[in-house]
Amino acid sequence: RYRMLKAPFAASLHASLEPGGRIDMATDRPVYAAENREAFATLDGLDPEPLERYEIEARHAAPEGRLTVFEARWRALGREIQFLRYRKES
């Protein structure tokens, strides 16, 4: 019930992004990650971009503390976190 990312919302995000802009997402649910990939796969000019392991680790060491309450909870439960990134073509 908390899933807001469906095809229409993905299209809205795509339309609002500046060229070169990106969308970063994280989830502990493989099914939700697959649904997100499907929603973004239909959009021209929005390409999946791999996240390097060092980028993921840097999120947790950042001074602004980018580890969310949800991610901390998932990690404490031993869940694997899946990270997705999409960048709009420039």
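Q: Why does D28 count as buried?
A: The relative accessibility of D28 is 8%, and buried means under 20%, so D28 counts as buried. The model is a predicted one.

Q: What makes R29 partly exposed?
A: R29 has a relative accessible area of 41%.

Q: What makes R79 and D28 a salt bridge?
A: The N to O distance between their side chains is 2.4 Å, and that is within 4 Å. Side chains of opposite charge can pair when their charged atoms come close.

Q: Which parts does the pair of R79 and D28 tie together?
A: R79 lies in the loop between α4 (69-76) and β3 (82-88), and D28 in the loop between β1 (22-27) and α2 (30-41), so the pair ties together parts that are 51 residues apart in sequence. R79 itself counts as partly exposed, at 31% relative accessibility.

Q: How do you know that R75 forms a salt bridge with E71?
A: The closest N and O atoms of R75 and E71 are 3.1 Å apart, which is within the 4 Å limit. Both residues lie in helix α4, four residues apart, or about one turn of the helix.

Q: Are R75 and E71 buried or partly exposed?
A: The relative accessible area of E71 is 1%, under the 20% limit, so E71 is buried. R75 is partly exposed, with a relative accessible area of 38%.

Q: What joins R22, D24, E49, R85 and R87 into one network?
A: Salt bridges that share partners link these five residues. By the 4 Å rule, the salt bridges come to seven.

Q: What makes H14 a buried residue?
A: H14 has a relative accessible area of 17%. That is under 20%, so H14 is buried. This residue is found in helix α1 (residues 7-16). Leaving aside neighbours within four places in sequence, H14 is in contact with L43, D44, G45, L46 and K88.

Q: How do you know that the span of α2 agrees with what a helix should give?
A: At 1.5 Å a residue, the twelve residues of α2 should span 16 Å. The end C-alpha atoms of α2 are 16 Å apart, so the two values agree.

Q: Which residues of α2 are buried?
A: Y32, A33, N36, A39 and F40 are buried. They cover an arc of only 120 degrees around the axis, so they are on the same side of α2. On the other side of α2, P30, V31, E38 and A41 are exposed. The cover over the buried residues of α2 includes α1, β1, β2 (46-48) and β3.

Q: In what sense do β1 and β3 pair?
A: The two strands are antiparallel and pair over six bridges. A pair needs at least two bridges, so β1 and β3 qualify. Within this pairing, I23 stands opposite Y86 in β3.

Q: Which residues in the largest nonpolar core touch the most other members?
A: They are L5, A10, I23, M25, F40, L46 and Y86, out of 13 residues in that core. The elements giving two or more residues to the core are β1, α2 and β3. The largest share, four residues, comes from α2. In soluble globular proteins, nonpolar side chains tend to be buried together.

Q: Which residues does L46 touch, not counting those up to four places away in sequence?
A: L46 touches H14, L17, I23, F40, Y86, R87 and K88.

Q: What does the secondary structure of the chain come to?
A: It comes to four helices and three strands. From the N terminus on, the elements run α-β-α-β-α-α-β. Of the 90 residues in the chain, 32% are buried.

Terms used
Residues numbered from 1 in each chain as written. Predicted model: local features only at pLDDT ≥ 70, side-chain atom pairs only at ≥ 80, totals over all residues. Heavy atoms only, no water. Buried < 20%, exposed > 50% of the residue type's maximum accessible area, 1.4 Å probe, protein only. Contact = heavy atoms within 4.5 Å. Expected span 1.5 Å × (residues − 1). Arc of directions from axis to C-beta. Core = buried A, V, L, I, M, F, W, Y, C linked by side-chain atoms within 4.5 Å.
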